[in-house]
Amino acid sequence: MNFEQIVSSINNVLWGEGQVLIYVLLFAGFWFSFKLKFIQILNFRHMFSVIKNSGKQDKNTDDNSGISSLQALFIGLSARVGTGNLAGVAVAISLGGSGAIFWMWAIALLGMATGFAESVLGQLYKVSDDHKEYRGGPAYYIQKGLNQRWLAILFSLCLFLGYGFSFSAMQANTIADSLNHAFNIPSMYSGLVITILAGGIVLGGLKRIARFAELVVPFMGIAFVLVAIAITLMNITAVPAMLYDIITSAFGLQEAGAGMLGAAIKNGIQRGLYSNEAGAGSVPHAAASARPVPNHPVTQGYVQMLGVFLDTMVLCTCTAFIILLADINFTGEMEGIRVTQNAITHHLGENGVYFVSAAISLFAFTSVVANYAYAESNLHFFKLDNKIGRTIYTTMYLAMVFWGSSASLKQVWSMADVALGLMTLVNVIAIVQLTPTIVALTKDYNAKRKIENVSDADMAFNADDIKLQGKVEQGIWQKKRLND
């Protein structure tokens, strides 16, 4: 059995006939929605309050440790917002029909609770390094919270395979294909430029990556949403029929549509996860790197829960509307970014292809950069956070970015599927075991919120307040409140 057959067999168990990951993610979404009392719905408005409050406090702080909550949100969005939002939505529709979009919405709504849970843990079990930066993620909370180092190592290896190598190669592949389609630029040249630009940013460390994300993500997100709104308004009379088609296709209610039901569910959930990454164990790395305001782990749960909403419910929906309103005929094969390019060209004329090429280049490139930060966090976990370790990892990462720009679409996506699937499986097993800590932290935060005229000092978390699983880093949470 060759390498390609091995990859195919694993994917078949995780995503194909076995559909292990679909059941695991649905279980996690329902589990945390129930355990956290549907926090993503009942506390929806509070997500925005946390971001607003964090922005005000960060302007008035002299604390240089870590990065701000807003920067953590943008790093999380940098990784989320990429091929999944443009190419991934097209893949979901081409293989699962318009009904796949409904299931992307469903997994995002459930995934908001899962994303909240894993981000709280990422923040709680973080550690500080010698550069006044915070490191954390599933490997850290698996080892510190569950004392299962072998499982933590397994996750870290999957993380390096996925975010360190495969996912960045996939993003580079999409950029190169988009530029080749729009401007006939050879993929090798595109790959070389992408590699050089990415290297210039990631060599500056986490704070340079955070500043880059803070500048680029809001600009590209708002621009894309405005274009999608304009296209929707141009085709407003077709919107009711499109929404009806999404719903009926999602449940196989169309004529001869029953056979597409399984494909719609599978591809909607799979590509939805690719886009918002809830449960995959990636975003906790961004959550861990932030200095929360107020000083409580749960604030980062709300911040990253908002990221899931913005990624799938807003940006993926924009792409879906653009494609479905263009009424493109699909071949039934995996089709990526060119479908989105053709759809925007249909709406905006020949100049549309240039817009979507620019959009996907920015979307995917931010993911390339953020992916580096996620995997680089785990160098500290293996005690390889030194000049030699960073040099070896950075060289391999940039080599994969260059290789990915010229690789075949199916080859790159298949490798990424395996890495994402294994990461998700390990992470969900871990966060479900850590449910008592997640629930206890959330209750502690919500109880403090109910105090009239509560100050940020009173909202601060003390590790001695509740019973935690495992041990948290000394000096981060085991502090007295300011008014004690």
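Residues are numbered from 1 along each chain as its sequence is written, and side-chain values use heavy atoms, with hydrogens and water left out. Because the model is predicted, local features need pLDDT of at least 70 and side-chain atom pairs count only at pLDDT 80 or more, while totals for chains, interfaces and linings use all residues.

Salt bridges were considered across the whole structure. The search finds 3 of them. A salt bridge is taken as a side-chain nitrogen of Lys or Arg within 4 Å of a carboxyl oxygen of Asp or Glu. Side chains of opposite charge can pair when their charged atoms come close. R135 forms a salt bridge with E376, and their closest N and O atoms are 2.8 Å apart. This pair links distant parts of the chain: R135 lies in strand β2 (residues 134–135) and E376 in helix α17 (residues 352–381), 241 residues apart. Helices and strands are DSSP runs numbered from the N terminus (helices H or I, at least four residues; strands E, at least two). R135 has 1% relative accessibility and so counts as buried. E376 also counts as buried, at 4% relative accessibility. The classes follow relative accessible area (buried under 20%, exposed over 50%, partly exposed in between; 1.4 Å probe, protein chains only).

E376 has a further partner. Its side chain meets that of R390 in a salt bridge (2.6 Å, N to O). This pair, too, links distant parts of the chain, with E376 in helix α17 and R390 in helix α18 (residues 387–404), 14 residues apart. R390 counts as partly exposed, because its relative accessibility is 23%.

K448 and D444 form another salt bridge, at 3.1 Å from N to O. Both belong to helix α20 (residues 435–449); they are 4 residues apart, so about one helical turn separates them. K448 is buried, with a relative accessible area of 6%. D444 is buried as well, with a relative accessible area of 13%. Shared partners join R135, E376 and R390 into one salt-bridge network.

Helix α17 was next examined for packing. Its axis and that of helix α9 (residues 149–183) come within 9 Å and cross at roughly 160 degrees. Axes are lines fitted to C-alpha atoms, for helices over the stretch in contact, and angles between N-to-C directions run from 0 to 180 degrees. The two helices, α9 and α17, are therefore roughly antiparallel. Angles under 35 degrees count as roughly parallel, over 145 as roughly antiparallel, 65 to 115 as roughly perpendicular and the rest as oblique. The crossing of α9 past α17 is left-handed. A crossing is left-handed if the near helix is turned anticlockwise from the far one by less than a right angle, and right-handed if clockwise. Residues in the α9 contact with α17 comprise 23 nonpolar, 12 polar and 1 charged. Here Ala, Val, Leu, Ile, Met, Phe, Trp, Tyr, Cys and Pro count as nonpolar, Asp, Glu, Lys and Arg as charged, and the others, Gly among them, as polar.

The axes of α17 and α18 come within 11 Å and cross at roughly 150 degrees. This makes α17 roughly antiparallel to α18. Their crossing is right-handed. On the α17 side, the contact (heavy atoms within 4.5 Å) includes Y372, A375, E376 and L379. On the α18 side, the residues include R390, Y393 and Y397. The contact of α17 with α18 divides into 8 nonpolar, 3 polar and 2 charged residues.

Two residues of helix α7 were inspected. E118 lies in this helix (residues 99–124). E118 is buried, with a relative accessible area of 1%. Neighbours within four places in sequence aside, E118 is in contact with residues including Y141, E277, P284, N427 and I431. G99 is also found in helix α7. G99 is buried, at a relative accessible area of 0%. The C-alpha atoms of G99 and L243 are separated by 9.6 Å, although these residues are 144 apart along the chain. With neighbours within four places again left aside, G99 is in contact with I246, S249, A250 and A264.

Backbone angles complete the description. K37 is not a glycine, yet has a positive phi of about 55 degrees. K37 sits in the loop between α2 (20–35) and α3 (39–42). At 60% relative accessibility, K37 counts as exposed. F38, also not a glycine, has a positive phi of about 50 degrees. F38 lies in the loop between α2 and α3. F38 is partly exposed, with a relative accessible area of 39%.
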